[in-house]
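Student: Could you walk me through how to read a structure like this one? I'd like the general idea before each case.

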Amino acid sequence: YTGDNMNSAQDTGVPLPWIRDVKISGLLKFVSLTASNGAEGGTITCKITRGVTVISTQTANGPYASVSCSGNAGK
């Protein structure tokens with residue numbers, strides 16, 4: 001995922017549901033998130049919000065399914 005000043009980070013093997021609050025600053029307020037299922041499959045969803053406003057959401061199903069969300073978190 002990307003956050004403050006477009007820096008990227010990665011979390012692996014995290015318990016679900018995974019939630020991360022990220023402070024966004026700098027000139028560009030672009031955010032992105034990519035997540036993937038393991039071999040066990042199931043439904044996976046990513047959602048980026050700013051307060052109660054949904055910036056981006058995506059859902060996929062199956063083994064090794066992946067989702068990607070991105071958008072502008074600026075005002």
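**Reading the model**

Tutor: Let's begin at Tyr1, which is partly exposed, with 23% relative accessible area. Buried means under 20% relative accessible area and exposed over 50%, with partly exposed in between (1.4 Å probe, protein chains only). A word on the ground rules: this is a predicted model, where local features need pLDDT of at least 70 and side-chain atom pairs count only at pLDDT 80 or more, while totals for chains, interfaces and linings use all residues. Residues are numbered from 1 along each chain as its sequence is written, and side-chain values use heavy atoms, with hydrogens and water left out.

Student: How many aromatic pairs does the structure hold?

Tutor: Rings of Phe, Tyr and Trp (its six-membered ring) pair if their centres lie within 6.5 Å; planes under 30 degrees apart are stacked, over 60 edge-to-face, and the rest tilted. Here there is one such pair. Tyr1 and Trp18 have ring centres 5.5 Å apart and planes at 50°, so they count as tilted. The pair links distant parts of the chain, 17 residues apart, with both Tyr1 and Trp18 in the segment before strand E1 (30-36). Trp18 is partly exposed, at 27%.

Student: And which residue forms a salt bridge with Asp11?

Tutor: The general idea first: side chains of opposite charge can pair when their charged atoms come close. The rule asks for a side-chain nitrogen of Lys or Arg within 4 Å of a carboxyl oxygen of Asp or Glu. By that rule there is one salt bridge. Asp11 pairs with Arg20, and their closest N and O atoms are 2.3 Å apart. Asp11 is partly exposed at 28%, and Arg20 is partly exposed too, at 41%.

Methods:
Helix = DSSP H or I, 4+ residues; strand = E, 2+ residues; numbered from the N terminus.
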